[in-house]
Amino acid sequence: MTTPGPGDALFGNEDMAAEIDPDVPVESAGTVDVTQINPDLADPEAVAEAVATDRAIDTEIGEALLRTEDLTVRFGGLVALDAVSFEIRRGEILGLIGPNGAGKTTCFNAISGVYRPTSGTVYFDGKPLTKTKRNAITRLGIARTFQNIRLFSEMTALENVVVGTDARHRTSVFGAIFRTARHRREERDAITRGMALLEFVGIAPRAVEKAKNLSYGDQRRLEIARALATEPKLLCLDEPAAGFNPSEKASLMDLIRKIRDDGFTVLLIEHDMRLVMGVTDRIVVLEFGKKIAEGAPAEIRDNPAVIAAYLGVPDDVTA
């Protein structure tokens, strides 16, 4: 590994860049028949059961799993997030939307520990995340994807997912070096769960393909699988439909619903309003770092402040 990536990200740019030479033909590693590896993966219910997290969650279904109170982030004299308060209820899909520069990704970064809030507090599963480090936040149960895909390009799809499972492993460095019984058991379980996750997101046949050789859509799905591998209580998706065609967006909507139905809570940032309106249970709207609306999709669609934020208002109205 070299230097940290943007925002002091965990992995550096060199680790993530595919660096594909267009003049060099890409040779496929072939496809995998997952039923030969594990016949149980032919059963969608068995796959969903294998993917579902079994970790304890103190918050009851329908109650606030994550809550922000007056969350503020300043960069010098720029207020990127201004006293934003909202909650994400366990078991729902919450959309976080707003025009470009509204503060959506800043809010994501403040929740996931990339940025430390200037003021305000984030509460997760009943506990404040004040001064909690990023790796600790992941272990507590918040996982995220990124606007720009960040995968280990030279690793296979399965290896990328197995990396995600390490967030829940208990093996020490010495245990890994000497391959103790615990290490071997966790390694075996990680491969089994990794294959189930790849099947869950729909790319299991490409398990042995290097990440850089996957299509753009499959890379997006692989990022989601890796995030799910950490067994999150809250899955944060940052513009997962960016660059997708309508067919791919429809498939992504089905996948997000399937993730929620498997017991996960989802926070979604997305610019595609049709996708957001079609998949979310509630929506929070930001503009210039402030929350301007919150409610069900139908309420947000007809909200004058939201319409003005996206479409503007005539000069004679503001005069």
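In strand β9 (residues 282–287), the bridge partner of I97 is V285. Strands here are DSSP runs of E with at least two residues, helices are runs of H or I with at least four, and both are numbered from the N terminus. This is a predicted model, in which local features need pLDDT of at least 70 and side-chain atom pairs count only at pLDDT 80 or more, while totals for chains, interfaces and linings use all residues. Residues are numbered from 1 along each chain as its sequence is written, and side-chain values use heavy atoms, with hydrogens and water left out.

**Strand β3 and its partners**

β3 runs parallel to β9, and four bridges join them. Four bridges also join β3 to β8, again in parallel; there, L96 stands opposite I269. Two strands count as paired if DSSP finds at least two bridges between them.

How many of the residues of strand β3 (residues 93–97) are buried? Five of the five are, so the strand is largely enclosed by the rest of the structure. Buried means under 20% relative accessible area, exposed means over 50%, and partly exposed lies in between, using a 1.4 Å probe and protein chains only. In a regular strand the side chains alternate between the two faces of the sheet. On β3, I93, G95 and I97 are buried on one side, and L94 and L96 are buried on the other, which leaves both faces covered.

**V266 and the cores**

Strand β8 (residues 265–269) contains V266. This residue counts as buried because its relative accessibility is 1%. Contact means heavy atoms within 4.5 Å. Leaving aside neighbours within four places in sequence, V266 is in contact with E92, I93, L94, L234, L235, L237, I256 and I259. V266 and T280 are 14 residues apart in sequence, and their C-alpha atoms are 9.0 Å apart in space.

I259 has its own set of neighbours: not counting residues up to four places away in sequence, I259 touches F200, I224, L228, L235, F264 and V266.

In soluble globular proteins, nonpolar side chains tend to be buried together. A nonpolar core, as used here, is a set of buried Ala, Val, Leu, Ile, Met, Phe, Trp, Tyr and Cys residues joined through side-chain atoms within 4.5 Å. The largest one has 43 residues, and L198, L222, I224 and I259 have the most contacts inside it. Elements giving two or more residues to this core include α8 (181–201), α9 (216–228), β7 (234–238), α10 (246–261) and β8. The largest share, six residues, comes from α8. A second, separate core of 27 residues includes F108, F124, L234 and I269.

**Salt bridges**

The structure holds 18 salt bridges. A salt bridge is a side-chain nitrogen of Lys or Arg within 4 Å of a carboxyl oxygen of Asp or Glu. Here are some of them:

| Pair | Closest N to O distance |
|---|---|
| E69 and R67 | 2.2 Å |
| E154 and K212 | 2.9 Å |

Where do E154 and K212 sit? E154 is in the loop between β6 (142–144) and α6, and K212 is in the loop between α8 and α9, so this pair, 58 residues apart, links distant parts of the chain. E154 is partly exposed, with a relative accessible area of 44%.

K291 counts as partly exposed at 35%, and E294 does so at 34%. Salt bridges that share partners join E92, R282, K291 and E294 into one network.

**The ends of helix α13**

At the start of helix α13 (residues 304–311), a side-chain oxygen of N303 reaches to within 2.8 Å of the backbone nitrogen of A305. G312 follows α13, and its phi is positive, near 80°.

**The whole protein**

The protein has 14 helices and 10 strands. Buried residues make up 46% of its 319 residues. Of the contacts with a separation of 6 or more, 70% are between residues 24 or more positions apart. The protein exposes about 15,900 Å², and carbon and sulfur atoms supply 52% of that area. Accessible areas come from the Shrake-Rupley method with a 1.4 Å probe; for residues, only the protein chains shown count as cover.

Conventions: A polar contact is a pair of N or O atoms within 3.5 Å; within protein, one must be able to donate a hydrogen and the other to accept it, and residues adjacent in sequence count only if both atoms are side-chain atoms.
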